[in-house]
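Subject: The structure we talked about

Hi,

Here is the structure I promised to pass on. Have a look at it first, and then read my notes below.

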Amino acid sequence: MSNKQLSAGDHITSKCTKCKDTTNHTIVAMVGDTVARVECNTCGGIHNYRKTATKKPAASRKTGAAKPAKVSRAESQWEALIDGADPAEATLYNIQMSAKEGDLIQHPTFGLGRVVNTTKPNKMDVAFSTGTKLLRCSLA
Ligand SMILES: [Zn+2]
């Protein structure tokens, strides 16, 4: 358990019914370890504490097509792949281009990418900041 111990006088964010928003509150009463009543720092109203809806990232999402939820992970992987790369060395993507693993690609839509895999005769996986895309190319 790494929950910070809260007590009256501490600040906490809570949903305020008057402000109809999540605002900063000061804890006015605790019941055991649970925040019971809070005072809204915006409107001064005192009300029962409501937990803010915590939007957890859908970690248990089934693996499938790359969806925006995965972007941050794809982006960090991409950053690692692009790290130290010189965009000036990137090859402007076109469907007829020849490519090999490790090549730097500049794509008009996806931006800078790194070839992470090639599949003969004409496909390559390119890691972009938004995820890995399967692109056409020409493999010798
Ligand atoms: Zn309020």
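Helices (H or I, at least four residues) and strands (E, at least two) are DSSP runs, numbered from the N terminus.

Two things before you dig in. This is a predicted model, in which local features need pLDDT of at least 70 and side-chain atom pairs count only at pLDDT 80 or more, while totals for chains, interfaces and linings use all residues. Residues are numbered from 1 along each chain as its sequence is written.

Let's start with the first part of the chain. Two strands count as paired if DSSP finds at least two bridges between them. An open sheet of four strands runs in the order β1-β2-β3-β4, with antiparallel pairing. β1 (11-16) and β4 (46-48) are at the edges with a single partner strand each, so one side of each has no neighbour in the sheet. From one strand to the next, the twist averages 50° (axes are lines fitted to C-alpha atoms, for helices over the stretch in contact, and angles run from 0 to 180 degrees between N-to-C directions). Inside this sheet, strand β2 (residues 21-31) and strand β3 (residues 34-40) run antiparallel and are joined by six bridges.

Strand β5 (residues 91-92) pairs with strand β6 (residues 104-107) in the parallel sense, over two bridges, and Leu92 sits opposite Gln106 in β6. β6 also pairs with strand β7 (residues 111-119), this time in the antiparallel sense and over four bridges. A hairpin of three residues links β6 to β7, and Leu104 has Arg114 in β7 as its bridge partner. β7 then pairs with β8 in the antiparallel sense over five bridges. A hairpin joins this pair too, through three residues, and the bridge partner of Thr119 in β8 is Lys123.

What about the inside? A residue is buried if 20 or more other C-beta atoms lie within 10 Å of its own, exposed if 12 or fewer, and partly exposed in between, with C-beta atoms placed from the backbone. Buried residues make up 16% of the 140 residues in the protein chain. A nonpolar core is a set of buried Ala, Val, Leu, Ile, Met, Phe, Trp, Tyr and Cys residues joined through C-beta atoms within 7 Å. The largest one has twelve residues, including Trp78, Tyr93, Val115 and Phe128. α1 (71-82) and β8 (123-128) each supply at least two residues of this core, and β8 gives the most, with four.

Cheers
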